[in-house]
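Good morning. Please have the sequence and the model open while I talk.

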Amino acid sequence: MFYYVLKYVVLGPLLRLLFRPRIEGIENIPAGGAAIVAGNHLSFSDHFLMPAIIKRRITFLAKAEYFTGPGLKGRLTAAFFRSAGQIPVDRSGKEAGQAAIREGLGVLSRNELLGIYPEGTRSHDGRLYKGKVGVAVMAIKAQVPVIPCAMVGTFEVQPPGQVVPRIKRVTIRFGEPLDFSRYAGMENEKAVLRAVTDEIMYAILGLSGQEYVDRYAADVKAEQANRGA
């Protein structure tokens, strides 16, 4: 209930008014049935802008840190994400990744929309980074289409470290659904998972026009942090 209050009464109308999003390819979102919406991740604002313009409810796998912050701010943030139907994901290891996949498959088993950022973290410099294969595992195992999505302009609206977003117009593009049914039963084949994930990332790249980096964003961030230490 609270999800729909946020979407249609509180946040949705406000976000549309402030950011006046250009929406392209919305017809590629299926009217019913399970599907994965896989997007680039440039800003904290992405969590709100994409769900605000999709008619159907969409559930995102959100990092666990949003649910475990200290103090009043942490409790309010956790309550907000839980009320909005977001699922906490621990990103600290392989077993955590398996748990995230199980949660995602649970959403898809209910014929719902699942939102995921294959990069696994926000881009710190506006570039598009290598995708993690969890999205491929879920797409193949659940036998559902993947709709690529590109957020354009949200990095300028709210880059990492900026608390209050700038008021700028953004564009949200949805590509044609990607069908991976030809890989049915091959969700444990590493080469297949890499190929599927790369196909998804290149579809996002075609929509976003970003520079692509064939490395994981988390690794690049860690290297830069070490150099700065």
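This is a predicted model: local features need pLDDT of at least 70, side-chain atom pairs count only at pLDDT 80 or more; totals for chains, interfaces and linings use all residues.

Local features need pLDDT of at least 70, side-chain atom pairs count only at pLDDT 80 or more, totals for chains, interfaces and linings use all residues, and side-chain values use heavy atoms, with hydrogens and water left out.

The sheet is open and mixed, with 7 strands in the order β1-β8-β7-β2-β5-β3-β4. Strands here are DSSP runs of E, at least two residues, and helices are runs of H or I, at least four, numbered from the N terminus. Two strands pair if DSSP finds at least two bridges between them. The edges are β1 (22-24) and β4 (87-89), each pairing on one side only. Strand β2 (residues 35-39) runs parallel to β7 (residues 146-152), joined by 4 bridges; Ala-38 has Pro-148 in β7 as its bridge partner. Helix α7 packs on this sheet, touching β2, β7 and β8, where touching means heavy atoms within 4.5 Å.

How do α5 and α7 cross? The axes of α5 (residues 134-142) and α7 (residues 190-208) come within 8 Å and cross at roughly 100°. Axes are lines fitted to C-alpha atoms, for helices over the stretch in contact, with angles from 0 to 180 degrees between N-to-C directions. The two helices are therefore roughly perpendicular, the term for 65 to 115 degrees. Among the residues that meet are Ile-140 in α5 and Ile-200 in α7.

Last, Thr-171 lies in strand β8 (residues 171-174). Is Thr-171 buried or exposed? Thr-171 counts as buried because its relative accessibility is 7%, buried being under 20% relative accessible area with a 1.4 Å probe, protein chains only.

Technical notes
Residues are numbered from 1 along each chain as its sequence is written. Angles under 35 degrees count as roughly parallel, over 145 as roughly antiparallel, 65 to 115 as roughly perpendicular and the rest as oblique. Buried means under 20% relative accessible area, exposed over 50%, partly exposed in between (1.4 Å probe, protein chains only).
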